[in-house]
Amino acid sequence: MKFEEFRIHPQILKSIYKAGFKKPTDIQYKAIPPILNGEDVLAIAQTGTGKTAAFVLPVLDLLIKRKIANRPSGIKCLVMVPTHELAVQITQVFTQLGKHTSLTTLGIFGGVEQEPQIQQLESGVDILVATPGRLFDLVSQQHLKLQQIEILILDEADHMLDLGFIEDIRQLIQRLPRKRQTLFFSATIDPTIKKLAYSLVHNPIRIQISPKDPVSRNVEHGVIFVAMDDKRFFLERFIQEHPKSKILVFVRTRVRAERVKKAMERVGISSLTIHGDKGQQERFSALSRFRDNEVLILIATDVSARGIDIENVDYVINYDLPEKAENYVHRVGRTGRGTRKGQAISFCSEEEKEVLQQIELFLDAPVAVWQLTQTEYAETLEFTQDTSYNWRKLLEEDDVSELKRKKRKK
Ligand code: AMP
């Protein structure tokens, strides 16, 4: 099937092809027609499936047609998202795909000054992408009116609930017109999410993408068994053997992120880190350097996992297995985005085997084991360039920096 068959406005089609999208993904195929029809949609789809364009494309089309009909100005579409990063990402998709239209999109979120956002709002916005906290503040201060909203979208609703936004969402919804189209997207569904969803949507079209296999079909994923202390050598070898690949490495803690970075530095591999200890600016700078291929290795903790949409991540490496099984899905979902293929490899130590079992329970399927022979294992240890390797010294260094960090925080 081709995008033309949806009868989307030619100005939007132009941007779709420019973005390199050749055919709709599963969620786009299922969601675009009912949205264009003005129906409510309740979709369970993980990130990586193309879900953003699944709502961006029809919404742009609906708004462009309505704009031609010369309606009064004001925000017509509101997208609520859990994080700053996701707000930026979705704003970019609206801007990119709406480039040849006259529609304007603004992203607003907390953690940055409010004033520039207010000024932009005053200059007129058709689509607003916002985190519930900042949105609530601006509405309460009457900088923002929601009466003209025709389309409400909740994206990653489960994550918004995890972050405790439920009250903000409830309060905001009361201020929206009752007559509106509502699109509700969530990666997972449980009774609380269901309740929220059904309090918002009206006779929705329900769409669920690969419920049995939460890992995107485009991702080949497997596990290798590696002793905790040897993981660095396996990472080093993998990177050296894939010198042109973009690799996202997940670790369990902030301290471990810096530790792995240091270990890679010792063997001449440069990498970036992104985790909760980094300021907003540092996180954005690391993401954009990674996105622009300035540095090909990004080491991240789960905190930063959800908001990342970087095209062309070739490999995800779970240097440590995630503590929460569902994060496995979010992590490996960073590769194999859209219609691309991706690969994810997990390094599992003896201590982590229990976590692996939980992940398999969550996936309702075993994770493929990629067997290493003893020779392959030994070769990897010999492969390292780290001649000055002294584990104890490195640990001591890290403990000192962790102590300093704690002191600074106090
Ligand atoms: P999402 O699930 O919205 O986070 O999208 C994941 C990735 O898929 C993004 O990098 C999109 O640019 C890409 N994508 C979305 N739709 C398509 C498509 N039809 N063909 C190819 N890539 C796509």
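What is the order of the strands in the open sheet of seven strands? The order is β3-β4-β2-β5-β6-β1-β7, with parallel pairing. The legends below describe a predicted model, in which local features need pLDDT of at least 70 and side-chain atom pairs count only at pLDDT 80 or more, while totals for chains, interfaces and linings use all residues. Residues are numbered from 1 along each chain as its sequence is written, and side-chain values use heavy atoms, with hydrogens and water left out.

View 1. Strands and helices are DSSP runs numbered from the N terminus (strands: E, at least two residues; helices: H or I, at least four). Two strands pair if DSSP finds at least two bridges between them. The edges are formed by β3 (105–108) and β7 (205–208); each has a single partner strand, so one side of each lacks a neighbour in the sheet. From one strand to the next, the twist averages 10°. Within the sheet, strand β2 (residues 77–80) and strand β4 (residues 127–130) run parallel and are joined by four bridges. Val 79 stands opposite Val 129 of β4.

**View 2. Helices α2 and α4 against the sheet.** Helix α2 (residues 26–36) packs on the sheet and touches β1 (41–44), β6 (181–186) and β7; contact means heavy atoms within 4.5 Å. The direction of α2 makes about 170° with that of β7. Helix α4 (residues 84–97) lies across β2, β3 and β4, and runs at about 175° to β3. Axes are lines fitted to C-alpha atoms, for helices over the stretch in contact, and angles run from 0 to 180 degrees between N-to-C directions.

**View 3. Pro 82 in the loop between β2 and α4.** Pro 82 has a relative accessible area of 4% and is therefore buried (buried is under 20% relative accessible area, exposed over 50%, partly exposed in between, with a 1.4 Å probe and protein chains only). Leaving aside residues up to four places away in sequence, Pro 82 touches Thr 131, Asp 155, Glu 156, His 159, Met 160, Leu 163 and Phe 165. The C-alpha atoms of Pro 82 and Ile 193 are separated by 14 Å, although these residues lie 111 residues apart along the chain.

**View 4. Strand β11 and its parallel partners.** Strand β9 (residues 247–250) runs parallel to β11 and is joined to it by four bridges, with Val 249 having Ile 299 as its bridge partner. Strand β10 (residues 272–274) is also parallel to β11, with three bridges, and the bridge partner of Thr 273 is Ile 299. Both faces of β11 (residues 297–300) are covered: Ile 297 and Ile 299 on one side, and Leu 298 and Ala 300 on the other, are all buried.

**View 5. The packing of α13 and α14.** Helix α13 (residues 325–332) and helix α14 (residues 353–363) pack at an angle of about 75°, with axes 8 Å apart. The two helices are therefore roughly perpendicular (under 35 degrees is roughly parallel, over 145 roughly antiparallel, 65 to 115 roughly perpendicular and the rest oblique). Ala 325, Glu 326, Tyr 328 and Val 329 of α13 meet Gln 358, Ile 359, Phe 362 and Leu 363 of α14.
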